[in-house]
Amino acid sequence: MIPVRVYPRSPSPLYSGERGWGEGGETSAGLLPPHPPTLSPEYRGDGSLGYSLRNDVMATSLAVRNLMHSKARTLVAMGGVCFAVVLLFMQLGFFGTVSLTAMLIYDTLDYDLLLTSPNYVMIGGAGQFSQRRLFQAESHPDVEAVMPLYVGRQVWCNPHSGVRRSVVVLGIRPSDPISHVPELERERPGLARPDTVLVDRLSRPEVGVPAVGERNASGPIHLQTIGHFTIGPGFEAGLIVVGDQTFSRLFGGQPLSAVNLGLVKLRSGADPQQVADQLRQSLPSDVRVLTRPEVAARERHYWLTSTSTGIIFGCGVIVAALFGIVITYQVLSLEVTHRLSEYATLKAVGFSDISLSLVVLQQALIFAVVSYLPGFVFALAIYHVTHSVTKLPIGMTVERSVGVFLLNLLTCCGSGLLALRILRRADPVDLF
Amino acid sequence: MAPLRLPLALRILLHTPGRLAVSIAGIVLAVVLMFSQAGFRNAMFDSQTELIHHLNGDLFLVSRLKYLLYARDTFPRRRLEQVRACPGVQAVYPLYMETTLAIWKNPVDGGTRPIRVLAFNLDDPVLDLPEVRAQTRLLRMPNTILFDDKSRDYFGQPTTGTETELSGRRVHVMGTFQLGTDFVTDGNVLMSDRNFLKFFPDRASSAPHLDRLEIGLVRLTPGTDLLAVQRELRETLPDDVKVLTKAELAALEVKYWKESSAIGYIFSLGMAVGFVIGIIICYQILFSNVSNYLPQFATLKAMGFTNRYLVGVVLQQGFFLAILGFIPAVGVAQLLFWGVSGLTGLLMFMTIFRIAFILLLTVAMCMVSGIIAVRGVIKADPAEVFR
């Protein structure tokens with residue numbers, strides 16, 4: 001066995017790389033380790049004689065050295081990939097906010113089945129149905145309680161600045177345990193007093209959340225704030241909860257016999273799906289019965305496919321993903337083509353295509369991981385700022401972080417290998 | 001062969017067409033990104049103010065409390081009649097609007113959705129849309145409407161002759177027009193004030209009436225000083241109404257969406273991040289493109305060309321790359337805009353100003369990054385380059 005020694009053409013890049021181009025020079029030096037590897041000939045499957053890098057450690061160190069060789073270039077390239085990651089995270093965050101916003105109120109309500117009007121579009125445009133349907137539903141043996149929910153939009157006058165904004169008003173029977181929100185449950189009985197209101201403290205600043213005891217004008221009457229809660233108004237300016245009698249007065253004496261939504265609580269052990277089917281059969285078609293998962297699916301579907309907001313953010317995600325893939329491909333393929341002649345040299349001295357692919361793959365892997373991390377942190381910062389300014393529900397999810405990571409990894413490795421194809425097809429001699 | 005009379009920068013770029021294509025593709029993408037993020041934000045402002053731009057008035061009366069076109073804030077019609085008497089006023093037209101009680105029934109699947117209804121006196125040319133002008137007389141019959149073609153698909157895409165229900169009453173679609181949707185309005189219906197009265201009687205009063213309106217349009221006799229009339233109206237009218245020019249009315253709407261809505265903030269943030277990333281990508285592409293030719297630049301320097309000359313070549317290279325990438329990018333962005341506006345009915349278009357702004361940004365960034373990349377050659381001793 002004759003060991004083949006490969007000597008670098010110039011001093012190790014480890015010493016010159018830091019100074020970058022113009023001083024160090026970009027020669028094949030960057031590709032080769034300072035201590036030349038010892039290669040042994042081996043027989044390949046196809047019968048030809050070739051050489052391969054004996055272990056992965058060497059390939060890794062070669063990949064690292066490639067990246068470390070011209071630090072400025074690597075940094076700029078990684079910056080490109082990193083920003084592609086940031087952009088995708090940002091757009092996905094916005095898109096995710098739309099579906100989170102859709103469920104903000106429903107997630108806090110305590111119900112098993114929801115009765116809606118057939119005209120129901122979304123919570124702010126729920127349509128009406130007769131209270132009688134609620135009573136009919138209550139007669140089902142598995143139903144423990146029914147609670148009417150009134151929803152409307154009314155003008156709200158900021159008590160401090162006088163600015164007016166339209167807010168979402170939820171009207172509840174003060175005796176109904178309507179939600180999972182402890183503060184709301186604690187303050188709820190107080191709504192039995194006429195003209196009292198609980199205000200969402202996440203309402204936009206223009207709404208001017210009043211302190212307890214303060215009064216302000218809303219629609220035709222004056223309301224007194226008796227407490228606060230935290231749900232979030234989503235894309236609306238504000239959210240308030242009032243008692244049903246106050247709700248009626250707030251909307252010019254609207255009769256309480258026409259409800260907007262009906263919350264149905266089932267006895268423990270009852271199967272919501274089964275009861276829903278039975279109620280659908282027994283109730284007339286002027287009311288719809290939905291289970292919790294059905295409500296979630298409908299709301300998400302409405303917000304993501306039927307509102308301009310959802311569609312625009314969906315398009316944003318597509319643009320960001322395409323952008324990310326192309327930019328990453330561009331960066332990685334430039335990384336490879338840039339050193340094509342060095343790879344050709346390696347190939348000429350007998351390295352196999354597989355071992356070269358391995359070097360490129362490892363380089364891509366390092367690229368993917370190193371560019372993902374700052375991108376991830378950057379995205380968290382964007383989420384944080386967006387949340388603190390808009391109070392919208394926006395945050396990182398495990399699925400999203402894993403998904404973007406995998407996409408990034410896949411694009412990086414794919415692009416690297418795609419670029420290396422040129423080398424595989426080429427005769428090493430041609431490359432000089 | 002006679003040498004091509006092309007600038008050196010262009011010849012450098014054309015020398016490796018593959019690399020040039022990759023660089024251009026990157027710039028196209030960065031530019032499309034900037035266009036799309038800016039486009040989404042502009043789509044909001046443009047769509048929200050679209051109706052205002054089509055209103056055929058010089059001055060507008062709205063309730064003192066009005067902060068958003070969509071939010072209902074009416075004022076007494078008496079105010080508009082008072083304006084009629086002012087010198088310089090040619091005509092006044094009331095516009096009525098209903099956004100919450102108007103429920104449209106999809107004629108195909110029977111689903112119901114809220115829609116925006118605009119109503120006016122048929123003798124008044126309230127909207128400057130030719131299709132509306134041509135079809136106004138069709139609305140004289142009871143229960144007749146014109147339907148906005150650009151409304152969202154889920155209204156069932158009614159055409160002339162379609163019969164369906166609006167807020168529980170039968171309506172006949174007499175024709176269509178094009179106005180468009182926005183972030184709160186999914187579709188539009190036009191009808192006469194007589195029909196409006198029948199469809200949406202005032203709940204608070206026993207006798208149906210048209211005493212309160214949403215927007216009052218004021219037409220001035222040609223040659224009148226707009227601002228003088230506005231001042232005079234402000235002085236004469238009680239302060240339950242605002243007198244605004246068209247630009248002020250549009251600005252009121254934009255102000256709400258820009259400053260008081262979560263979505264406006266998100267679009268602004270998206271645009272800012274999109275621009276930063278777009279510019280960084282331009283930088284990255286130019287940087288790697290120019291670095292590829294560093295040995296050649298070093299050779300030129302060694303031959304005695306001045307730094308100024310080299311910088312000139314790199315600047316040109318950046319300029320050409322920016323332009324070559326920008327032109328197809330405008331095309332791609334336009335395709336994207338058509339796609340999104342087809343899906344949503346939102347207005348998405350480019351203006352010379354918007355295109356010029358992004359072009360300027362791209363060219364500047366490409367040129368600057370070229371200079372940064374070539375700095376090494378300028379500083380270095382040519383001999384070192386060939387080590």
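Colleague: Which residues does B:Leu95 touch, not counting those up to four places away in sequence?
Modeller: This is a predicted model. In it, B:Leu95 touches B:Leu118, B:Phe120, B:Val126, B:Leu213, B:Glu214, B:Ile215 and B:Leu217, leaving out residues up to four places away in sequence.

Colleague: What about the largest nonpolar core, how many residues has it?
Modeller: That core has 169 residues, and B:Val31, B:Leu95 and B:Cys282 are those with the most contacts inside it.

Colleague: Which helix gives the largest share of this core?
Modeller: Helix α3 of chain A, residues 71-108, with 18 residues.

Colleague: And what lies apart from it?
Modeller: Another core, of 52 residues, which includes A:Val169, A:Leu170, A:Phe229 and A:Val295.

Colleague: Switching to the interface. How many residues of chain A are in contact with chain B?
Modeller: 44 residues of chain A, in contact with 46 residues of chain B. On the chain A side, the elements that give two or more residues are α3, β8 (164-172), α9 (308-338) and α11 (353-390).

Colleague: Which one gives the most?
Modeller: α9(A), with 13 residues.

Colleague: And by class, what is on that side of chain A?
Modeller: There are 22 nonpolar, 17 polar and five charged residues on the side of chain A that touches chain B.

Colleague: Different topic. Where is B:Gln82?
Modeller: In helix α3 of chain B, residues 77-84.

Colleague: Why is B:Gln82 partly exposed?
Modeller: Because B:Gln82 has 17 other C-beta atoms within 10 Å, and buried would take 20 or more.

Technical notes. Residues numbered from 1 in each chain as written. Chains lettered and ligands numbered in written order. Predicted model: local features only at pLDDT ≥ 70, side-chain atom pairs only at ≥ 80, totals over all residues. Core = buried A, V, L, I, M, F, W, Y, C linked by C-beta atoms within 7 Å. Buried ≥ 20, exposed ≤ 12 C-beta atoms within 10 Å, placed from the backbone. Helix = DSSP H or I, 4+ residues; strand = E, 2+ residues; numbered from the N terminus. Contact = placed C-beta atoms within 7 Å. Nonpolar A, V, L, I, M, F, W, Y, C, P; charged D, E, K, R; others polar.
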